[in-house]
Structure formats: structure tokens, C-alpha cells
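My notes follow in the order I looked things up.

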Amino acid sequence: MLQVKNISFSYDENPTLHDISMDFEEGRITGILGVNGSGKSTIMKIITRLLKPQKGSILYDGQPVGDSKKALFQYRQHVNMVFQNPEQQLFYTIVKDDIGMALENLGYEEDEITSRVATALEMMDISHLQDRPLQYLSYGQKKRVAIAGMLALQPKYLLLDEPTAGLDPKGRDQMAATMKKLVQAGTNIIVSSHDMDLMYDCCDYAYLLQKGHLIAEGSKFDFFQQGELLVEAGLAVPWIVKLHQTIQTPLAENEAAFFEQLGGN
């Protein structure tokens, strides 16, 4: 299991994160919610050890992640992150070459690289794009390529920072479906966003940050019903929760389940 224990961090004299602890259990999508400036991206970078906390530690399988190059190298074979802007992670000209870049740098055999790239392309439903130049892809397609590049490393945990930012409604729905598909295939997802409808749809468990403080956490059916707290933190209550509360029915797992439930009634 991946854990954050008593993390504090500041970029300058003003603290950014205050004594944050989180557990990321396997087999689920865990959400980190909050408005811009709440500390979401910072905690994601600390989890991947792109930033070093001033206080606290990251535990993986019960052991603190060390600071040596060897320790960080080994850790990042298991925990990887896809940034909000996919172009920060795309370097090669052709899709399949970019996806295999990290494996090539790590010294994997050509046959293994080919196999892993093919699997990542299939998981992201972009096999048809493998020979396309990246410059001709849409923003959403580039996001899927960036995720595929991380999946080729076969991480245990994949962090997604604002994965639906810049996507149209169709792209957003595809991203939600992709996250669920990845968890079913054995990749644990940690996602940060202020898209409350997406988070309700996907997350099994959620943490809420406000000005660097962890102010709430809980499973889907408990967390998202704390309407006053969510609004106080600058977030909207998911539409499906509002609807359930209005018609006084038990919460459905997601939008599809709601309409199925509605049809059954």
C-alpha cells in the first residue's frame, strides 16, 4: 500500500501543506479534491517524489521511500504520474516511439518494449494511432498517449493530475471510463481534480484539501453528501447527489446506475 504520513511542505515562508496523512489502498480510485491553490498538485508531486517534503514521509509497502537515486529509481517503477498538460511528457515524434521511450532508456530488450507498448496502446484504445505523428493528435489523444507511456512501465499506482482539463464532454466520459478500466486491470489510480461530477462518478474514496489542510475524507456515499462542507471549500455538490437528495432516493453508484434505478422504479 502507498501512504502519506504527516507531510508538511512550503515553497517559501508560507506553508503550502499542513501535516497531511493519506492512505491509498489497492483496487480503487482515490480522489484528491480542492479548488486551485488548495495543494492538490503539490501533494501529487510529493507522492511521486518530484518534491521532497520538509516534514513527514512517503511509505510504500510499509517502508519509507529513501532519498538516494537508487531508491527513487526503484520507487518510480511502481508509482508514476501523468501531468495536467500532456505535452510536458511527450518528446518523440511518433506515438509508439514516445510510449516506448522510458523503457528504452531503462534498457529493456526490444521484444519486451514492443510487447509493452502494444499492451499500453490497447489499454488506452489508441492502437490505431501508433504510427501517427504526435503533432497531428488532438489534445485528448495526447493525454491518452501520455498515460500509455506511463502504463508501459506497468506501475502499481498511476497518478492523474486534472485528467479532464481541456477535454470536451466526450473526452471527459472516455477518461472516466479509462480510469475504471485501468483499476479493473490492476492499476491503482490517484486522481486530483475539482470536477465534482467526474470525481463522484469515478472515486471510491476521496480526500478534501482546503488551503493546504486536509479537512475531510471518506468513501463515496459518505463524502459527497457533505454538501455544506464541499460548498464551504469552494466546490460544487455533484448534480447526481443534489438530485438524489431532492427526490429522497438512495445514492446510485454513477449516472448510468441512476438512470437504471430510475427506470426500474
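Predicted model: local features only at pLDDT ≥ 70, side-chain atom pairs only at ≥ 80, totals over all residues.

**Pocket.** I began with the largest pocket, where H3 is the top contributor to the lining, with five residues. Helices here are DSSP runs of H or I with at least four residues, strands are runs of E with at least two, and both are numbered from the N terminus. Residues are numbered from 1 along each chain as its sequence is written, and side-chain values use heavy atoms, with hydrogens and water left out.

I looked up the volume of this pocket: about 500 Å³. On a 1 Å grid over the protein atoms alone, a pocket is an open set of points with protein on both sides within 12 Å along at least five of seven lines, while a cavity is a set where a 1.4 Å probe fits but cannot get out; lining residues have an atom within 4 Å of a point. Points are joined across faces, edges and corners, and a volume is the space filled by probe spheres set on them.

Of the 26 lining residues, Asn-80, Met-81, Gln-89, Met-150 and Leu-153 are the closest to the centre of the largest pocket. Helix H2 (69-75), S6, helix H3 (95-105) and helix H5 (139-151) each put at least two residues into that lining. I sorted the lining by class and got 16 nonpolar, seven polar and three charged residues. (Nonpolar is Ala, Val, Leu, Ile, Met, Phe, Trp, Tyr, Cys and Pro; charged is Asp, Glu, Lys and Arg; the others, Gly among them, are polar.)

**H3 against H5.** Next I checked how these two helices meet. H3 and H5 pack at about 35°, with their axes 7 Å apart. (Axes are lines fitted to C-alpha atoms, for helices over the stretch in contact; angles run from 0 to 180 degrees between N-to-C directions.) Val-95, Asp-98 and Ile-99 of H3 make the contact with Val-145, Ala-148 and Gly-149 of H5; contact means heavy atoms within 4.5 Å.

**Cavity.** I found one cavity of 30 Å³ or more, and the volume of the largest cavity is about 60 Å³. Its lining includes Val-82, Phe-83, Lys-143 and Asp-161. H5 gives the largest share of that lining, three residues.

**Six-stranded sheet.** I then traced an open sheet with mixed pairing, in the order S6-S7-S8-S3-S9-S10. (Two strands pair if DSSP finds at least two bridges between them.) Strand S6 (79-82) and strand S10 (213-219) are at the edges with a single partner strand each, so one side of each has no neighbour in the sheet. S7 (residues 157-161) and S8 (residues 188-193) run parallel, joined by five bridges. Asp-161 sits opposite Ser-192 in S8. Helix H6 (residues 169-184) packs on this sheet and touches strand S3 (29-33), S7 and S8.

**Four-stranded sheet.** Last, I followed an open antiparallel sheet in the order S2-S1-S4-S5. Its edge strands, S2 (15-24) and S5 (63-64), each pair on one side only. S4 (residues 55-60) pairs with S5 over two bridges, and Leu-59 has Pro-64 in S5 as its bridge partner. Helix H1 (residues 40-47) packs on this sheet, touching strand S1 (2-10), S2 and S4.
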